[in-house]
Amino acid sequence: MPTPTRAAVVESGGAPFTLADVVLDDPGPHEAVVRMVAAGLCHTDLSVASGGLPFPLPGVLGHEGAGIVEAVGPAVTGVAPGDHVVLSFTSCGDCRDCRAGHPAYCATWLPLNLIGGRRADGTGTLSRSGSPLGGHFFGQSSFAERALVDERSLVKVDPDVPLESLAPLGCGVLTGVGAVWNVLNPTTGSTLVVLGAGAVGLSAVMAAALTPATTVIAVDRVAERLELARELGATHTVNPDEESLPEALHARTGGRGADGVVETTGNVAVLRQGADALAARGTLVVVGAPPFGTEVALDVNGLLGGKRIVGLTLGDAETQTFVPALVRLVKEGRLPLHRLISTYPFTDIDQAVRDMRAGKAIKPVLVF
């Protein structure tokens, strides 16, 4: 039977989140109904809500969910009712990249996750008063008390770890940690620079602290976030409002440059400075997403020293193995995500949005 629930609906680009009664479709063969316990708020949600991405509105967003499975479709094998789950992105499972263990680069990633608003077969997952809503956001649309979730978005997790502390794993933390572990893979004595100390950047700092890198430089304009970065493992910090970023990076890397740079801001001027700060054979990982069509000028000759610029989606993570590993680190206190999280009742979603936009909250988590 269809499932009635309450969700935060965005009516049109730039409109606020409005709580409304909606109806979930019956779960398909590879879907599950999940009772949400927590959901992280991410800048991607805000970008779509502002009308910056072509997701069909009115619709329900949310892509960092965590909850408890209530019902499953007949072909679901990985989870069962009662299981605790973290929700992440979905993928087809059949294309070349999915089969190679890189589902974040699925051939149908964009329509399945970000802009489609429907299942792969074109059917909807959500309705209101008989009219369809945009849903299936990252295979979950988790800004709701219950969500209809694609099986490939579900990751079963340790029930002893509070779900409120795990919701950010589905996107922001996955991205920051994956940038360091899956792309940069620092060797002994490496120097890393993290541009931007938001949730993704601080996740990258925490990940770097668990590697053999010996120099980890965090860059941000907010002094409190730089202090937190130091507490989470940064060995140096830079505030570009107080000193020249190129000169500061030159000094803090001993003039050699950085072996790895993680760019999380989406600012192309900062991206260019990150590229210029690379050492020979260094790698810049581009995580921050400016508006579609944005271009950046690069010094081509400056790249000839074996430097690489790599774009990244969702940490290039295979979620079924990566997320449980992160959960264990959270449980053991080695990945202190609680330092990033501010919790809000689901009904206060607009306050969480305001605090995130104002920089008051690093990672807002809605609790149900």
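Reply: By the rule applied here, the count comes to 17 salt bridges, a salt bridge being a side-chain nitrogen of Lys or Arg within 4 Å of a carboxyl oxygen of Asp or Glu. The model is predicted, so local features need pLDDT of at least 70 and side-chain atom pairs count only at pLDDT 80 or more, whereas totals for chains, interfaces and linings use all residues. Residues are numbered from 1 along each chain as its sequence is written, and side-chain values use heavy atoms, with hydrogens and water left out.

The protein chain is divided into domain 1 (3-172 + 316-367) and domain 2 (184-311), with bounds that come from an automatic or database domain assignment. Taken over C-alpha atoms, the centres of domain 1 and domain 2 are 29 Å apart. At the interface, 14 residues of domain 1 are in contact with 13 residues of domain 2, where contact means heavy atoms within 4.5 Å.

The size of an interface is often given as the accessible area lost when the parts come together. Domain 1 and domain 2 bury about 1100 Å² between them, and 73% of this is on carbon and sulfur atoms; buried area is the accessible area (1.4 Å probe) that two parts lose on being put together, summed over both. Arg339, Leu340 and Ile362 supply 43% of the area that domain 1 buries against domain 2, more than any other three residues.

Side chains of opposite charge can pair when their charged atoms come close. Across the interface of domain 1 and domain 2 the rule finds 1 salt bridge. Glutamate 231 and arginine 339 meet through their side chains in a salt bridge (2.4 Å, N to O). By class, the side of domain 1 that touches domain 2 has 9 nonpolar, 2 polar and 3 charged residues. Here Ala, Val, Leu, Ile, Met, Phe, Trp, Tyr, Cys and Pro count as nonpolar, Asp, Glu, Lys and Arg as charged, and the others, Gly among them, as polar.
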